[in-house]
Number of protein chains: 2
Amino acid sequence: MKYGIVIFPTKEIQDEANSYRKRYDPHYALIPPHITLKESFEADDQLINDLIIELKHIANEMDPFTIHMNKVSTFAPITNTIYFKVEPRQELVDLYERMHAGKFPDNQEYAFVPHITIAQKLPDDEYSDVYSSLSMKKTQLEDQIDRFQLMYQLENGSWTVYETFVFGKEYV
Amino acid sequence: MKYGIVIFPTKEIQDEANSYRKRYDPHYALIPPHITLKESFEADDQLINDLIIELKHIANEMDPFTIHMNKVSTFAPITNTIYFKVEPRQELVDLYERMHAGKFPDNQEYAFVPHITIAQKLPDDEYSDVYSSLSMKKTQLEDQIDRFQLMYQLENGSWTVYETFVFGKEYV
């Protein structure tokens with residue numbers, strides 16, 4: 001089965017991201033707005049059970065922290081994805097690194113750039129219009145992070161949460 | 001904020017339900033296939049934190065159990081919802097009752113009929129066609145239940161998981 005690990009920001013930020021995703025992101029209906037910690041990876045039942053124990057340990061060693069998003073950015077020219085850029089935080093890097101080491105498959109393809117996608121897979125001319133308009137908007141979002149979610153992918157491409165890991169609150 | 005409590009069946013059953021929902025359920029993109037334990041209810045931060053503690057206690061007192069779905073049924077003439085009927089189990093009734101007692105708002109509108117919706121809000125003539133075709137299909141699904149999920153609703157009507165409660169595995 002295909003799994004992934006994400007952080008969902010609070011409702012207000014999800015609503016804000018969805019106001020753009022609705023028009024500009026074909027993945028709008030497949031998953032709520034999120035920060036990806038670990039991209040899609042394959043795991044069988046045995047491996048996922050081992051990883052869940054690891055994820056509980058990781059969650060228990062974390063304290064809640066605040067993230068800030070102060071601008072809209074893009075991955076162009078690699079992909080024309082547009083996103084809320086999450087200001088770097090050591091906690092995010094730690095989470096990411098622990099989920100790509102040890103028993104975890106090391107499926108990192110790009111350097112880790114924490115972000116919330118708000119537009120992707122647009123035709124080139126639409127991309128240019130949308131990016132120049134969004135990048136001029138004032139963005140000042142802040143959120144408190146205290147959990148992450150292990151998800152699996154259905155045949156239709158959508159994602160269902162399998163388990164939530166709350167910082168300092170997991171029973172191992 | 002609006003919350004709800006559901007069980008997600010395993011991927012195979014979600015895929016099966018989605019093969020119908022894709023065509024026959026306008027809520028297809030809002031939430032994965034699920035068994036509703038508690039319909040949408042309002043809660044502020046204080047209340048939801050209290051309820052989360054309750055939900056951990058409830059989960060810890062449960063053992064995993066098996067559910068069976070042996071037929072497609074309908075709520076007609078009340079609504080023309082078509083669903084996989086989940087055979088009654090005391091564990092489901094217990095979960096439902098505990099989530100409508102004590103500190104939980106008692107928002108039950110109908111008698112509890114555990115089910116997984118596969119079609120709803122169809123025009124009358126389409127409903128009749130779909131129901132007569134689906135009700136003749138052989139249905140024999142079985143699933144192991146070991147968790148439930150607390151969700152909240154976004155402004156666009158879609159649902160995000162806030163927390164998962166695994167039977168016997170919650171730290172209170």
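Modeller: The area buried between chain B and chain A is about 2300 Å², and carbon and sulfur atoms give 50% of that area. Please keep in mind throughout that this is a predicted model. To the contact, chain B brings 30 residues and chain A brings 30 residues. On the side of chain B that touches chain A, at least two residues each come from α1 (11-24), β7 (147-153) and β8 (159-166) of chain B. Of these elements, β8(B) supplies the largest share of that side, namely seven residues. Sorted by kind, the residues of the side of chain B that touches chain A are 14 nonpolar, eight polar and eight charged.

From the contact we can turn to the inside of chain A, beginning with a helix. In α3 (residues 90-98) of chain A, the buried residues are L92(A), L95(A) and Y96(A). Looking down the axis of α3(A), one finds these buried residues within an arc of 95 degrees, so they line one face of the helix. What do they pack against? The buried residues of α3(A) pack against the strands β1 (2-7), β2 (35-42), β3 (65-74), β4 (82-86) and β7 (147-153) of chain A, and also against the helix α2 (45-60).

A polar atom of the H34(A) side chain lies 2.8 Å from the backbone oxygen of P32(A), while a polar contact of 3.4 Å links the side chains of H34(A) and T36(A). Beyond its neighbours within four places in sequence, H34(A) is in contact with residues including V6(A), F8(A), H115(A) and T117(A).

D25(A) is buried as well, at 4% relative accessibility, and its side chain reaches the backbone nitrogen of H27(A) at 2.8 Å. Leaving out residues up to four places away in sequence, D25(A) touches Y20(A), T117(A), I118(A), A119(A) and Q120(A).

Finally, some details of the backbone can be read in both chains. The peptide bond from A76(A) to P77(A) is cis, with omega near 5 degrees, and P77(A) sits in the loop between β3 and β4 of chain A. In chain B, a cis peptide bond joins A76(B) and P77(B), with omega about 10 degrees. K121(A) is not a glycine, although its phi is positive, at about 60 degrees; this residue is found in the loop between β5 (115-119) and α4 (124-135) of chain A, and it is exposed, with a relative accessible area of 57%. For K121(B), phi is positive and near 60 degrees, and K121(B) is likewise exposed, with a relative accessible area of 57%.

Terms used:
Residues numbered from 1 in each chain as written. Chains lettered and ligands numbered in written order. Predicted model: local features only at pLDDT ≥ 70, side-chain atom pairs only at ≥ 80, totals over all residues. Heavy atoms only, no water. Buried < 20%, exposed > 50% of the residue type's maximum accessible area, 1.4 Å probe, protein only. Helix = DSSP H or I, 4+ residues; strand = E, 2+ residues; numbered from the N terminus. Arc of directions from axis to C-beta. Contact = heavy atoms within 4.5 Å. Buried area = accessible area lost by both parts, 1.4 Å probe. Nonpolar A, V, L, I, M, F, W, Y, C, P; charged D, E, K, R; others polar. Polar contact = N/O pair within 3.5 Å; in protein donor to acceptor, adjacent residues only side chain to side chain.
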